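Here is a short briefing on one structure.

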Amino acid sequence: RKEMFAKYGKQAKFGLGSGPAFEKADVPDTAYEDGYNAELAIVTLKELLATSDKPLFFGFGMNKPHLPWVAPKKYWDLYDPKEIPLSSQTKGPIGGAAMGLHASFEMRTFSNVPNAGPIPDDLAVDLKHSYLASVSYIDAQIGRIMQAFEQAGILDNTIVIVWSDHGYHLGEMGIWGKASNYDIATRVPLIITTPDMTNKEKGSVSEALVELVDVYPTLSELAGLDIPNHLEGQSMVPLLTQPNLPWKQAAFSQFPSPALREWGAFPLRKGMRETYFGPLIKEVEERIKRQQGDKWDRELFEHHLMGYSMRTKQYRLVAWKDNRDPNKAPIFVELYDHYTDPTETNNIANEHPMVVSHLLKQLNDAVVK
């Protein structure tokens, strides 16, 4: 680790040499970061309520289940490792984009994870166990925050929204990590409760397509504030009482070529090519060259290739475009039918050109300026 920092400076901080991917010390919640921060948040909330009677906005971010997956032992004990199933979807989509999946770069920075090759099943169980424990650890911290609101007597007068920043591959499609344009990496939890909702409404689920850009206008409307004209999101307030209301036709996301990017979307830096990532990058490049043939261009694929993703009720479309001129035809297209293939195992773009044409127009009209 010291050698990495000496040679690569700040880049080493983001994973060129890390400790174990997981840990389960027998300690109280506050011994780890998120439990400590939850305690700090509760103290802060009490101070705010004691010093002002004005309405307040209270934001609280938690780190887990981001890597490394560390959580007190009691949360690990909630799960029997013998009953933890591993993903059966160990390969990428048939006919999928070679540049659409990475080599689990972030996971491989950790000292107990192989630098190359498949993740052994026994390690995969440990990794998934630690992920589940981390999620339960965070659930408990959310519960503590909610109890603090209740004890302060303001829970019945508080809007609460819980969401995450991205999804995650836990072996699905053969990778471990975030940063892809597939459903599993772009779909997130979203829970909303307001003082005006009935108990029945609080327990309801909506299948409507919504996006994280919708959170701002939703909070604004619920709080009785004017919604700025420049927002691209749409308030979700009508769905809170009518979850089956006809809604958006699509939700959008994008991520540059995961195969030739670092997990934080950085272009590949010197430290990646010169360390144990080097052979993995070469493998990925060869895979892309075999699929893309004459379209291969290092400058394009490494620095300018953007995956624009659109999810409709039935389909996920991923259009791989040169972001220097996104109005040009895509370099490669993926299409997945969620009615028949919800885990996106088979790219059917070539079999359904009319569907692709229709969806590409919808995507271009919405996001490609």
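A cavity here is a set of grid points where a 1.4 Å probe fits but cannot get out. This is a predicted model. The structure holds 1 cavity of 30 Å³ or more.

**The cavity**
- The largest cavity has about 60 Å³ of space.
- Its lining includes His102, Ser104, Phe105 and Glu106.
- Trp176, Gly177, Lys178 and Ala179 also line the largest cavity.
- Pro258, Arg261, Glu262 and Trp263 are among the lining residues too.

**Helix α3**
- Helix α3 covers residues 33–51, which is 19 residues.
- At 1.5 Å a residue, helix α3 should span 27 Å. The C-alpha atoms at its ends are 27 Å apart, so the two values agree.
- Buried residues in α3 are Asp34, Gly35, Ala38, Ala41, Ile42 and Leu45.
- Seen down the axis of α3, these buried residues fall within an arc of 110°, so they line one face of the helix.
- The buried residues of α3 pack against α5.
- Ala50 and Thr51 are exposed, on the other side of α3.

**Serine 136 in helix α5**
- Helix α5 runs over residues 121–151 and contains serine 136.
- Is serine 136 buried or exposed? Its relative accessible area is 11%, under the 20% cut-off, so serine 136 is buried.
- Leaving aside residues up to four places away in sequence, serine 136 touches Tyr75, Leu78 and Tyr79.
- With tyrosine 79, serine 136 makes a polar contact, side chain to side chain, at 2.5 Å.

Note on methods: Residues are numbered from 1 along each chain as its sequence is written. This is a predicted model: local features need pLDDT of at least 70, side-chain atom pairs count only at pLDDT 80 or more; totals for chains, interfaces and linings use all residues. Side-chain values use heavy atoms; hydrogens and water are left out. Helices (H or I, at least four residues) and strands (E, at least two) are DSSP runs, numbered from the N terminus. Buried means under 20% relative accessible area, exposed over 50%, partly exposed in between (1.4 Å probe, protein chains only). A polar contact is a pair of N or O atoms within 3.5 Å; within protein, one must be able to donate a hydrogen and the other to accept it, and residues adjacent in sequence count only if both atoms are side-chain atoms. Contact means heavy atoms within 4.5 Å. The expected span of a helix is 1.5 Å times one less than its number of residues. The arc is that of the directions from the helix axis to the C-beta atoms. On a 1 Å grid over the protein atoms alone, a cavity is a set of points where a 1.4 Å probe fits but cannot get out, and a pocket is an open set with protein on both sides within 12 Å along at least five of seven lines; lining residues have an atom within 4 Å of a point. Grid points are joined across faces, edges and corners, and a volume is the space filled by probe spheres set on the points.
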